[in-house]
Protein chains: 2
Amino acid sequence: MRAPASIGQRLEDVDTPALIVELDAFEKNLATLGETLKGRNVRARPHAKTHKCPEIAKRQIAAGAVGVCCQKVSEAEAMVEGGIGDVLVSNEVVGAQKLARLAELSRRARIGVCVDNPENVRQIAAAGAKLDVYVELELGMRRCGVEPGQAAVELAKVVMNSRPLRFAGLQAYHGRAQHVRSVAERRAIIEKAAADVRRTRELLRENAIDCPIVTGAGSGTYMLEVESGAWSEIQPGSYVFMDADYARNEWAAPLPRFEHALFVLSTVMSRPASDRAIVDAGLKASSVDSGMPTVWAKPGLIYVRASDEHGVLEGKELPRLGEKLLLVPGHCDPTVNLYDWYICVRAGVVEAVWPITARGALR
Amino acid sequence: MRAPASIGQRLEDVDTPALIVELDAFEKNLATLGETLKGRNVRARPHAKTHKCPEIAKRQIAAGAVGVCCQKVSEAEAMVEGGIGDVLVSNEVVGAQKLARLAELSRRARIGVCVDNPENVRQIAAAGAKLDVYVELELGMRRCGVEPGQAAVELAKVVMNSRPLRFAGLQAYHGRAQHVRSVAERRAIIEKAAADVRRTRELLRENAIDCPIVTGAGSGTYMLEVESGAWSEIQPGSYVFMDADYARNEWAAPLPRFEHALFVLSTVMSRPASDRAIVDAGLKASSVDSGMPTVWAKPGLIYVRASDEHGVLEGKELPRLGEKLLLVPGHCDPTVNLYDWYICVRAGVVEAVWPITARGALR
């Protein structure tokens, strides 16, 4: 698989659509996360589901992270293959085939996994590997997880009684809070979640169960979890890139506003009429599940709709045929999953190309 | 890249999420297209943007198609590489890099391309290849294309005066009509489009310009184009698979209702509460741009929402932890683009695995 750009190439010469990382903004985002955690007793375990790329994971670890999270065993395999030694699958893993792969992986790296069901705990134990097992709490996301409090304690006991597993703590993530627009509302949601976490930790203590780690939080809330004191590890993912949907959030202290570092480079492929320009990046080039992309540094232009291979731009001073435009994806994670390579650019020149080795890693 | 299933494996043993082709339904869809065109003076050039797979293109050609369409040069490259000798890029191609690749490709296969701009025609001619060039008409889709009538004739003249290009005819596709729910409304839209096509053909004739082919139409309308008599070639793509969004259309004569042949196999990975089951196929496994997937053969179950790696099911008789379910994707084309392999199944057993070689072919 050949890289779609070469080092030293100018950005305007890169063929399109292409996934671009602006290195200055990307590095600033890595630094910003570190600065906000300075003096806090909380470690960072960034989410690799966003970037799917060991090159980025290595840079996150160099910036202070203890390791990364993944959502899928195949993502964890790509990370370990790429040299990452500490991976938490922040998700339930069900089925003998996947668990055999997870057990195999745990011979090469420190591997954690989440549980919300005793039958699943027994299945994991049967795979025979020393895994770090986290009990996932349902904090209002209405997805996976057990209820905080007694139900979590009961499941922790099942883990502790299942050799060779190790009870590593609690997975406590509130995904729905991340895109609640106002900081005050996000704070209220995380305060309630923190109360649930504290109650569960106290109940674990009363049952003489050590809870080494409480892990969770995302880019939209993580400083609220940090300030609550209830979490010991955070899992932000999108912070490295930001996207158009996150940009619609309100950002205020203690939450830093990260910079857009991920773009889709597109070409104007048609100027059929005076009211619109058509670009070559549609919904196979920029996932639209969280809204359309925005046009970077062209405030008068609006990307109004996407079809599979086309995007329609309207607005003032429409670009000419053949002009190249940077788009900010609506949602970074599924957009990254459409590409095999990051083209990393600084000051308008390609500095590196990084393979997205966990692209399409679904299993 | 290893195939995610092996021939002879039982469907229930295939790890998930996985993209499944039900071969009986798929073959029936191929046959149905052929039957509906019997005795009509219209040839089929199915759209490979849907399936991105030369193995499927070959079967379409074996069933009577003259070749395939693509939307991107890189898709056309994958088709020619896979042995397909006649490919129309039913789209504008802008930029010297892409046009050089298209010219290169035309030395190995019959290649067509669409235009809607005289500057672009000159750029294509400068690439120096004998390409079939189609003038794209804007029929109400409000995307690319020139206005029917005089504007189209003027652009055809530019093509005819641009050596070594060959004016091959008109690209006349109305994408927005495909998912208009009622057949009567779709018919009204296509009748208006047919009048625009006829008017343009007559004007070409008055200008002594031969128009060998009028090509266009999709799975939601193609028999309306055929019955109008204004088209000589049709480009249906989704008919091989069908999807949940197409299933919401009204289907009545002359349009056949194709069968669901494409599925995402998923596993129930969490049963956190009595009101929901969580499957391991979210929006990275089934594109949600045209709505959520539906649950196959389980009328009481509703896939209510997707996050990146999770799907939430609600309804009666919720499946048990570890149970596998087939989902019908909301939109087949971008869902296919998330996978590297089709796992082809007949009577519950894997019969073949086909690589999706144009997956991610954006350029």
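Figure 1. As in every view below, what you're looking at is a predicted model. Counted over all chains, the salt bridges come to 74.

**Figure 2. A:Glu77 and A:Arg101 link two helices of chain A.** The two side chains form a salt bridge, N to O at 2.9 Å. A:Glu77 sits in helix 3 (residues 73-81) and A:Arg101 in helix 4 (residues 96-105), so the pair ties together parts of chain A that are 24 residues apart in sequence. As for cover, A:Glu77 comes out as partly exposed, at 25% relative accessibility.

**Figure 3. B:Asp24 and B:Arg346 pair up across chain B.** The closest N and O atoms of this salt bridge are 2.7 Å apart. Here the partners come from a helix and a strand: B:Asp24 belongs to helix 1 (residues 23-37) and B:Arg346 to strand 16 (residues 341-346), so the contact ties together parts of chain B that are 322 residues apart in sequence. B:Asp24 is partly exposed at 47% relative accessibility, and B:Arg346 is partly exposed too, with a relative accessible area of 22%. Elsewhere, salt bridges with shared partners join A:Asp15, A:Asp280, B:Glu77, B:Lys98 and B:Arg101 into one network.

**Figure 4. A:Arg143 is buried but has no salt bridge.** This arginine is found in the chain A loop that runs between strand 6 (132-136) and helix 6 (150-160). What is the nearest side chain of opposite charge to A:Arg143? That would be A:Glu136, which is 5.3 Å away; a salt bridge needs the nitrogen and oxygen within 4 Å. The side chain of A:Arg143 does make a polar contact, at 3.0 Å, with the side chain of B:Ser307.

**Figure 5. Helix 3 of chain B is largely enclosed.** Seven of the nine residues in this helix (residues 73-81) are buried, so the rest of the structure largely encloses it. Which residues of helix 3 of chain B are buried? They are B:Val73, B:Ser74, B:Glu75, B:Ala76, B:Ala78, B:Met79 and B:Val80. Among the elements these buried residues pack against are two helices of chain B, helix 2 (54-62) and helix 4 (96-105). They also pack against strand 3 (68-70), strand 4 (86-92) and strand 5 (110-115) of chain B. After the helix comes B:Gly83, with a positive phi near 100 degrees.

**Figure 6. Chain A, for context.** Chain A has 10 helices and 17 strands. Its radius of gyration is 21 Å, close to the 21 Å the globule rule gives for 363 residues, so chain A is as compact as a globular protein of that length. Along the principal axes, the C-alpha atoms fill a box of roughly 70 × 45 × 35 Å. Buried residues account for 64% of the 363 in chain A. Of the chain A contacts between residues at least 6 apart in sequence, 69% join residues at least 24 apart. The accessible surface of chain A is about 12700 Å², with 49% of that belonging to carbon and sulfur atoms.

Definitions and conventions
Residues numbered from 1 in each chain as written. Chains lettered and ligands numbered in written order. Predicted model: local features only at pLDDT ≥ 70, side-chain atom pairs only at ≥ 80, totals over all residues. Heavy atoms only, no water. Helix = DSSP H or I, 4+ residues; strand = E, 2+ residues; numbered from the N terminus. Buried < 20%, exposed > 50% of the residue type's maximum accessible area, 1.4 Å probe, protein only. Lys, Arg positive; Asp, Glu negative; His and termini not counted. Polar contact = N/O pair within 3.5 Å; in protein donor to acceptor, adjacent residues only side chain to side chain. Rg over C-alpha atoms; globule rule 2.2 N^0.38 Å. Contact = heavy atoms within 4.5 Å. Areas by Shrake-Rupley, 256 points an atom, 1.4 Å probe, with all protein chains shown as cover.
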